[in-house]
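Please look over the sequence and the structure before reading on.

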Amino acid sequence: MIILYSSNTGTVIAIVAVYIADILITGNDQSSIDDLKVFLHLEFKIKDLSPIHYFLGMEIIREQEGYIITQRKFTMDLLNEFDCSNLLVISSLLEPHMRLTADSGLPLKDPTIYRKLVGKLTI
């Protein structure tokens, strides 16, 4: 993440977050943001996708007072992908201070689904 700072006004003018090919630019100085987008387009040929709604698994909702950032869509997609959206809600059966060890319990017959789920949660 790059934060551009204007020493003349003492305000942050643009925040740039880059993840592979996705760039998020935000700030309180629209003129500086527009200048940065022009510069980036000349160097890398970027495409402005309009106001943000979804970025890196986060849903971004703009309100008058600011932004709400949530992972609701990511969570719902994950529940649907692993066919868990219709399961009943229950409390954890584990004791709060219980320690799990590698040799406790029986191994899963097919750990592929578990590995896929854990992989998605660690992105």
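A residue counts as buried when its relative accessible area is under 20%, as exposed when that area is over 50%, and as partly exposed in between. The model is predicted, and the count of salt bridges in this model comes to five.

**Lys 37 and its partners**

- Lys 37 forms a salt bridge with Asp 48, and the closest N and O atoms of the two are 2.7 Å apart.
- This pair links distant parts of the chain, eleven residues apart, since Lys 37 belongs to helix α1 (residues 30–44) while Asp 48 sits in the loop between α1 and β4 (54–55).
- Lys 37 has a relative accessible area of 24%, so this residue is classed as partly exposed.

**Glu 81 and helix α3**

- Glu 81 meets Lys 116 in a salt bridge with an N to O distance of 3.2 Å.
- Because Glu 81 lies in helix α2 (residues 72–81) and Lys 116 in helix α3 (residues 112–121), their pairing ties together parts that are 35 residues apart in sequence.
- Glu 81 is partly exposed at a relative accessible area of 38%, and Lys 116 is also partly exposed, at 46%.
- Glu 81 also forms a salt bridge with Lys 120, where the closest N and O atoms are 3.3 Å apart.
- Lys 120 lies in helix α3 and Glu 81 in helix α2, so this pair ties together parts 39 residues apart in sequence.
- Lys 120 has a relative accessibility of 26% and therefore counts as partly exposed.

- Salt bridges with shared partners join Asp 34, Lys 37 and Asp 48 into one network.

Technical notes:
Residues numbered from 1 in each chain as written. Predicted model: local features only at pLDDT ≥ 70, side-chain atom pairs only at ≥ 80, totals over all residues. Heavy atoms only, no water. Salt bridge = Lys/Arg side-chain N within 4 Å of Asp/Glu carboxyl O. Helix = DSSP H or I, 4+ residues; strand = E, 2+ residues; numbered from the N terminus. Buried < 20%, exposed > 50% of the residue type's maximum accessible area, 1.4 Å probe, protein only.
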